[in-house]
Amino acid sequence: MSENNQTNNWDNITRLIDEIWNGDEITATNYMDLYTYTWQYCTTCAPSENSRQCISDRQKLARENLYVYLENYIRKNLENVSKDINNQNDENCHQYFKQLHVKHVRIFATLNGSLNYLYRCWIRSKLDLGRKNVYEISVLANQMWTEIVIKPHFHRLPKICLTTINKNRQHHSAFDVQSLKCILESFSNDIYKENFENEFLQAMEAFYRTKETPSIESNDEMLDYLKIVAEYFDYEINQAKSYLPQGKTTIIKLIDLLERIFLPDKIYNIIIEKLQILVSYENNYQKLSILFEHIRRIPKLKNELLKLIENHIYQQGINTIESLNGKTSNDAILYIETIVDIHRRFLTSIQKTFVYDPSVIGAFDKGCAKFINQNNIEQTIGSIRKSAVFLAHYCDLLLRKKRKGVIDDDWEDKLNNILIIFNYIDDKDIFMKFYQKMFAKRLINQSNVSDSFVDESLISQFKSKCGHEYTSKLEQMFKDIQLSKDLTNEYQRYQKNTYNNEIDDFSMMILTLNFWPFSQPSSIILPMKLNKTFDHFTKFYLMKHNSRKLTLLHQYSQGELQMNLKNKKYRLEMKNKKELKYSLLIQEVIEQLYSRFKPNISLIKKCIDILIEKGYFERDANDKDTLHYLA
């Protein structure tokens with residue numbers, strides 16, 4: 001390239017930099033033209049008199065010359081900016097500074113982008129080599145802005161800011177918030193802390209130390225005191241947020257200082273003592289509501305009040321559970337519904353008093369979670385029967401068929417009760433472990449209420465709160481039952497069409513391995529007729545799914561034994577009595593079997609428990625030792 005062309009590139013670069021710096025508007029054309037001329041200048045260079053000089057070396061020299069030119073250009077123009085600031089009076093200085101700052105931020109960003117090729121072909125390599133005093137263009141410009149424009153005025157600019165703030169604090173006069181914020185954001189950390197923040201806090205303290213405040217001996221006087229203090233906190237915090245730079249700790253220091261001024265230990269302790277009395281008696285909540293309008297604006301008092309509310313809810317929950325004298329230790333319904341009553345009573349008071357304030361609701365939730373997961377039932381029963389297990393039993397008792405005392409209109413309330421406690425329990429995995437076991441038994445015994453609609457609704461809620469993985473096994477279990485119903489119908493048609501044999505009294509369930517909480521069965525020899533039925537169904541199933549294997553879970557199967565005497569069919573059942581004591585039932589079984597063999601009492605108890613689970617017996621709600629015959 002000729003020397004004239006390279007000179008032309010240089011002239012265009014300097015002209016465009018001038019236009020960007022001094023123009024009122026930066027155009028896209030200027031931006032792209034500067035980028036193009038910079039690329040041409042940096043990639044080619046004029047011939048050298050020394051023909052042996054490498055082109056690459058000449059390119060490097062040209063690029064360094066451009067960087068040096070740009071550095072000197074920025075320095076010269078910023079020195080003029082600094083002189084212009086000197087010529088401004090204090091009244092107009094911060095507004096003038098804002099205009100300059102906004103303008104030069106835009107200029108620096110434009111130069112950084114349009115001269116980006118210089119960064120890529122020269123600046124970046126120098127930075128990688130660790131060369132000092134070479135910077136990315138935007139970094140260079142901002143450093144020079146601090147050194148040339150800010151530091152020479154680091155005494156004057158902070159004082160102008162402080163004067164504006166103090167004047168506004170005394171007279172609540174209007175001022176240009178954005179101009180003030182612009183100056184403060186331009187300070188380096190050292191200048192901000194040493195020349196602004198310390199004096200800002202000192203001036204605020206001196207102002208409020210002179211304020212007179214009322215006594216707090218009575219509740220009315222305390223209300224007046226809190227009203228005044230809350231206004232001070234409100235004003236200072238809101239004003240500071242409007243002009244202080246983000247990321248600074250000044251607001252935290254400001255709040256701490258105000259708390260030391262207006263809440264010294266003596267006053268603070270008196271207020272907390274009065275608040276504790278008001279929180280302890282729910283009849284006082286109307287007074288507490290009035291006080292809270294002011295307390296919520298004073299962080300230290302608000303945080304302490306939230307702790308008082310949390311602890312009060314916790315203690316009331318503990319006391320209520322203990323007052324039942326151990327009646328809840330084996331009664332899931334009494335335990336869960338006692339907790340729900342506590343929750344409902346205090347939630348109503350909290351919502352009415354604090355108008356759904358999120359922080360108060362949060363304190364209420366913490367108190368509830370604490371007494372639900374840390375009450376004496378939890379401690380005395382140990383690690384097996386915790387609140388999570390009680391909740392699972394509560395669900396099971398409600399969702400079984402023939403459950404007394406629950407009508408259709410009650411289900412929504414009952415589901416809400418379950419979800420209230422579920423939200424608070426810590427051991428959600430333990431709850432699901434027990435819920436799944438009980439749910440599985442209800443499914444295979446076909447003892448769910450309302451065709452499993454309530455279970456499905458609950459599972460949907462659990463899924464929305466804990467995710468798909470949490471309920472995936474339950475959903476697969478539901479799917480298995482539905483598919484099993486369809487398969488049973490299909491098998492019955494197959495039997496009729498193939499063997500002309502109707503088997504209306506036969507049904508089966510195909511359960512997906514690893515989704516059901518059932519153990520592998522022990523070996524068993526089936527009676528001939530049952531074995532034939534099982535073989536027929538297995539053949540039918542494997543024709544549809546030849547890669548699968550069926551395992552008979554005989555321990556969970558159900559059947560009805562019949563016998564024919566004199567052409568009459570008899571069904572063998574035991575229901576001489578509709579009601580019987582648990583111990584007497586065991587005794588009767590022993591007496592009837594003793595003439596044939598010596599029965600095992602633990603085995604008898606296990607069989608009775610199975611009959612209870614399958615819905616043949618039900619324990620009396622008021623006397624757990626009394627059984628009612630259902631089936």
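View 1. At 43% relative accessibility, R344 is partly exposed (partly exposed lies between buried, under 20% relative accessible area, and exposed, over 50%, with a 1.4 Å probe and protein chains only). This is a predicted model, in which local features need pLDDT of at least 70 and side-chain atom pairs count only at pLDDT 80 or more, while totals for chains, interfaces and linings use all residues. Residues are numbered from 1 along each chain as its sequence is written, and side-chain values use heavy atoms, with hydrogens and water left out. D341 forms a salt bridge with R344, their closest N and O atoms lying 3.4 Å apart (a salt bridge is a side-chain nitrogen of Lys or Arg within 4 Å of a carboxyl oxygen of Asp or Glu). D341 is partly exposed too, at 46%.

**View 2. A network of K193, E197 and K253****.** Salt bridges with shared partners join these three residues into one network. By the rule above, the count comes to 18 salt bridges.

**View 3. R75 with E71 in helix α3****.** The closest N and O atoms of this salt bridge are 3.8 Å apart. Both residues lie in helix α3 (residues 55-86), 4 residues apart, about one turn of the helix. R75 is partly exposed, with a relative accessible area of 35%.

**View 4. E147 with K151****.** In this salt bridge, the closest N and O atoms are 3.0 Å apart. E147 is partly exposed at 44% relative accessible area, and K151 is partly exposed at 35%.

Conventions: Helices (H or I, at least four residues) and strands (E, at least two) are DSSP runs, numbered from the N terminus.
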